[in-house]
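Work through the exercises below with the structure open beside you. Try each task before you read its solution.

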Amino acid sequence: MAQNPFIVQRPIKYGEPFCDRRPEMQQLEQAANRSEAVCILSIRRFGKTSLVNQVIGRLEEAGWLSIRLDLSRCFSLRSMTREFEKALFSLEGKWRRLLEGLKSVSRIRPQLGIDPLTSQPSIGFDFSRPVDEMEQLKYILEKIVSLPERAESGIRLCLVLDEFQNIRKIDPKRDLEWLFRSVFQERGRFFVPFLLGSERHLLNMMIRDESSAFFKSVTPMTLEVLPEGEVVSFVKNHFKSGLGLDVPEGRIKGIYRIFGGHPFAINWYWAEIWDLQERSGKPEPTETWVEVAIKIILNQRDYYEAMNSRLPIGARKVLFAIAANEPVKKVYSRKFMVETLGMAQGSLQSAIKVLFEEDKIRKTPRGLVINDPLERLSIAVSELDEEAIAAFVRERIDIGK
Ligand SMILES: Nc1ncnc2c1ncn2[C@@H]1O[C@H](COP(=O)(O)OP(=O)(O)O)[C@@H](O)[C@H]1O
Ligand SMILES: [Mg+2]
């Protein structure tokens, strides 16, 4: 039997079934080859890490090296410096192995002997190392960024920093941001940084504000939901080739639309259906398809409710009102502010501010909308009991049948 191709609970690795994001992959590969820094922004669980895994996999096949760091695990300058230090150690090891590999297969001999990597003491015992934490980080970062140049081997290096916006939290004064910027500015053509993050509001301040460190020094790239057509063929082809099952297109579209194209929820849905289908060996009745959707919807409703319980009550009220009326073109109009919400302008302003800061809403040319499609769904079903949710799903599960 074929393995379940719908990977859940962790990012998709290179070589595993991945629903195409061809334009994004191409853009990132080109950026890498031009040494153009990119910042990839998206809602959590939209597939940033999975996408970068695919791109890095391809780059590594073309001879690149990569290092990745998840900055969400760093809570202080010190712990971050340690992480970079560990990364540099493992990178130097990889680099040496790669060079030795090249030496054994290539007639062009990279000069390991004069390589500063081997002629310099390893960083842990380096007495010239600065004591100030900030200076230390700079020193290690510079070593990483300049490695391809120092090693003169033609090998390229991609540095992936996940949850990059955390450096603003570690250092609200922004010195860290300027430090990263200045080190990245000194990079040669064999080094590229990819910065990933899920906190749109923070990241936008870091890269789009004219006074920010990364303004015009990184290219922003926003990851949207998966395209419907790609999801339809991804699901259809896998069920056909793996289980010999024809899933009607209308059903795949119905599920796609219920979850608003959210990659995490969609992949989870089809992973569950796959397991059930594999076990039963015959097409499951529609009821099963509905039940799986309900399970995911209820689970996510709990998740968003728990998250939103931290929001001030006014902000929650405005969030729900925006969801019910989106796109909201004129928030401060009499109709929305007074008739719909019954709120004073001051309280509405502070609620809107919180909602932006928490990435709950976003501005579009059509007006304000809910940022996360799964959150939109959770709000839409917030008052419904299980039976009503079942009706909600049934109504949408088959499109154009
Ligand atoms: N292109 C894709 N094809 C199929 N599933 C995807 C895709 N992108 C994301 N997913 C699903 O979403 C989940 C979350 O992806 P991940 O890369 O961890 O997101 P992020 O890094 O943005 O939080 C994955 O476990 C997978 O189930
Ligand atoms: Mg991730």
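**Exercise 1.** Find what share of the 401 residues in the protein is buried.

*Solution.* Start with the rule: a residue is buried if 20 or more other C-beta atoms, placed from the backbone, lie within 10 Å of its own. By that rule, 35% of the 401 residues are buried. Keep in mind that this is a predicted model, where local features need pLDDT of at least 70, side-chain atom pairs count only at pLDDT 80 or more, and totals for chains, interfaces and linings use all residues. Residues are numbered from 1 along each chain as its sequence is written, while chains are lettered from A and ligands numbered from 1 in the order in which they are written.

**Exercise 2.** State how many helices and strands the protein has, and what its C-alpha trace spans.

*Solution.* Helices (H or I, at least four residues) and strands (E, at least two) are DSSP runs, numbered from the N terminus. The protein has 17 helices and 7 strands. Its C-alpha trace spans about 70 × 60 × 30 Å along the principal axes.

**Exercise 3.** Give the strand order of the open sheet and identify its edges.

*Solution.* Strands pair if DSSP finds at least two bridges between them. The open sheet has 5 strands in the order S2-S3-S4-S1-S5, with parallel pairing. Strand S2 (65-70) and strand S5 (219-222) each have a single partner strand, so they stand at the edges, and one side of each is left without a neighbour in the sheet. From one strand to the next, the twist averages 20 degrees.

Now look at one pair. Strand S1 (residues 38-41) joins S5 in the parallel sense over 4 bridges. Ile40 stands opposite Met221 in S5.

**Exercise 4.** Describe the hairpin formed by S6 and S7.

*Solution.* Strand S6 (residues 361-364) and strand S7 (residues 367-370) pair in the antiparallel sense over 4 bridges. Between S6 and S7 lie 2 residues. Lys363 has Leu368 in S7 as its bridge partner.

**Exercise 5.** Which residues come nearest to ligand 1, and which helices each supply at least two residues of its shell?

*Solution.* A residue counts as near a molecule if its C-beta atom, placed from the backbone, lies within 6 Å of it. There are 20 residues around ligand 1, and Cys19, Gly47, Thr49, Ser50 and Asn267 come nearest. Helix H2 (48-61) and helix H11 (263-280) each supply at least two residues of the shell.

Key. Buried ≥ 20, exposed ≤ 12 C-beta atoms within 10 Å, placed from the backbone. Axes fitted to C-alpha atoms, helices over the stretch in contact; angles between N-to-C directions.
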